[in-house]
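Here are my notes on the model, as numbered points. Please read them with the structure open.

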Amino acid sequence: RSIQAARLADWDGRAPSPEFDRLLADLSNILGTPPAKVKEEQQRQAGPEAPIFIPAPEPPDNSYLTKVKRFSILGGITFTLISLIVIFSVSPRDHAPVVELKTNSSSPSGRQFLAGEVFRDRLQDNNMGPEMVVIPAGTFRMGDIQGIGDKDELPVHEVRISKVFAMGRYEVTFEEYDQFAHATGRELPDDKGWGRARRPVINVDWWNAEAYAKWLSEQTGKRYRLPSEAEWEYAARANKDTTYWWGNELDSIMANCDGCDARWGGKQTAPVGSFQENPFNFFDTAGNVWEWLQDCWHESYMDAPRNGLAWLAASRGDCGQRVLRGGSWSNGPGDLRSSYRDRESPGYRKDDIGFRLARDLDR
């Protein structure tokens with residue numbers, strides 16, 4: 001009736017782990033606390049660094065139903081713990097194989113892309129482009145579904161994504177962006193001393209993001225671009241109407257924000273893929289860095305496109321400001337909501353702003 005779980009990917013089995021301690025506490029609440037003498041004897045035999053897990057003894061009862069109940073509980077706990085070991089021995093990046101799509105390959109119009117498939121395009125210099133995830137066509141409700149947001153998240157409206165497309169599995173990293181900067185003679189963005197490689201690129205403006213997408217398109221012969229605001233929310237929600245893709249309440253181990261994970265939250269960016277991916281196989285759609293999108297800023301969704309395309313009409317909006325989504329390491333949990341919106345001028349750069357790309361699959 002209860003499923004207990006803990007994120008143990010970073011635990012070495014010896015050092016204290018808040019997640020493992022919480023798991024033990026939850027199981028103790030279900031089974032009862034073991035007697036102190038039994039705990040002490042177990043600790044003495046196993047050594048000071050070994051974790052303890054001893055089910056509480058049940059009152060003597062030889063009835064058939066009690067034996068079945070005892071067997072079911074112990075079997076369920078054993079299965080759960082074994083499953084945790086298997087699950088967390090696999091890195092999140094290993095959940096889906098990465099397929100290479102070569103530059104000189106034929107048009108994918110005859111190729112059937114599978115939802116959730118991860119692929120990379122090869123560049124002209126034989127390096128690989130960013131990992132992209134195939135997103136299925138579908139319909140979703142866009143905006144403040146929960147009724148806790150701002151006026152610019154209204155009215156809630158239905159959007160139909162009519163074509164399969166792909167979006168970056170991760171936010172664009174320094175490793176990927178630096179390759180572009182070196183190839184085009186551009187200035188390398190400042191990493192604040194936090195490190196480059198697999199950390200999301202920061203201190204890049206909207207024009208930088210557009211230029212990187214154009215360069216990648218030239219390198220691969222495919223159309224890379226910034227996602228539309230509707231495409232981004234569709235991918236971030238992953239078929240969920242909740243405040244965050246994992247539910248309505250903040251989970252501090254699911255994202256990097258000020259008030260979330262203690263390692264980086266309120267301090268700096270985290271390496272991409274440090275937290276659990278959403279059901280559509282995307283990482284860091286909540287927190288880490290803000291992400292530039294195609295759309296011009298509009299104060300509400302009145303007359304917003306319902307076909308998933310970017311809203312570029314300046315008649316009701318302000319193309320002197322571009323949309324940002326996702327929140328960052330420096331923002332509170334409220335800014336990580338799937339429907340939360342922000343904006344900045346296209347030339348604005350900051351240490352909590354980056355981007356990820358989209359790619360069309362019909363060419």
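**Notes on the fold, cores and backbone**

1. D303 lies in the loop between β8 and β9 (318-325). Helices (H or I, at least four residues) and strands (E, at least two) are DSSP runs, numbered from the N terminus. D303 has a positive phi of about 70 degrees, although it is not a glycine. The residue is exposed, with a relative accessible area of 54%. Buried means under 20% relative accessible area, exposed over 50%, and partly exposed in between (1.4 Å probe, protein chains only).

2. A word on the basis of these notes. This is a predicted model: local features need pLDDT of at least 70, side-chain atom pairs count only at pLDDT 80 or more, and totals for chains, interfaces and linings use all residues. Residues are numbered from 1 along each chain as its sequence is written, and side-chain values use heavy atoms, with hydrogens and water left out.

3. The protein chain holds six helices and twelve strands. Of its 363 residues, 47% count as buried. Take the contacts (heavy atoms within 4.5 Å) between residues at least 6 apart in sequence: 68% of them join residues at least 24 apart. The chain exposes about 18,000 Å², and carbon and sulfur atoms supply 51% of that area. Accessible areas come from the Shrake-Rupley method with a 1.4 Å probe; for residues, only the protein chains shown count as cover.

4. The largest nonpolar core has 34 residues. Such a core is a set of buried Ala, Val, Leu, Ile, Met, Phe, Trp, Tyr and Cys residues joined through side-chain atoms within 4.5 Å. Y177, Y212, F355 and L357 have the most contacts inside the largest core. Two or more residues each come from β3 (132-135), α4 (174-184), α5 (206-220) and β8 (290-297). The top contributor is α5, with seven residues.

5. Which residues does Y212 touch, leaving out those up to four places away in sequence? They are P130, V172, E176, Y177, F180, F355 and L357. A second, separate core of 24 residues includes I161, A230, A236 and A358.

6. Look next at α6 (229-237). Nine of its nine residues are buried, so α6 is largely enclosed by the rest of the structure. Just after α6, A238 takes a positive phi of about 55 degrees.

7. Four strands form an open sheet with mixed pairing, in the order β10-β9-β8-β11. Two strands pair if DSSP finds at least two bridges between them. β10 (342-344) and β11 (353-354) are the edge strands, each pairing on one side only. β8 and β11 run in the parallel sense over two bridges. W290 has I353 of β11 as its bridge partner.

8. Two further backbone points deserve a check. Most residues other than glycine have a negative phi, and most peptide bonds are trans. N288 sits in the loop between α6 and β8, with phi near 80 degrees, a positive value in a residue other than glycine. Is N288 buried or exposed? N288 counts as buried, at 0% relative accessibility. The peptide bond from L154 to P155 is cis, with omega near -5 degrees. P155 is found in the loop between β4 (138-142) and β5 (157-161).
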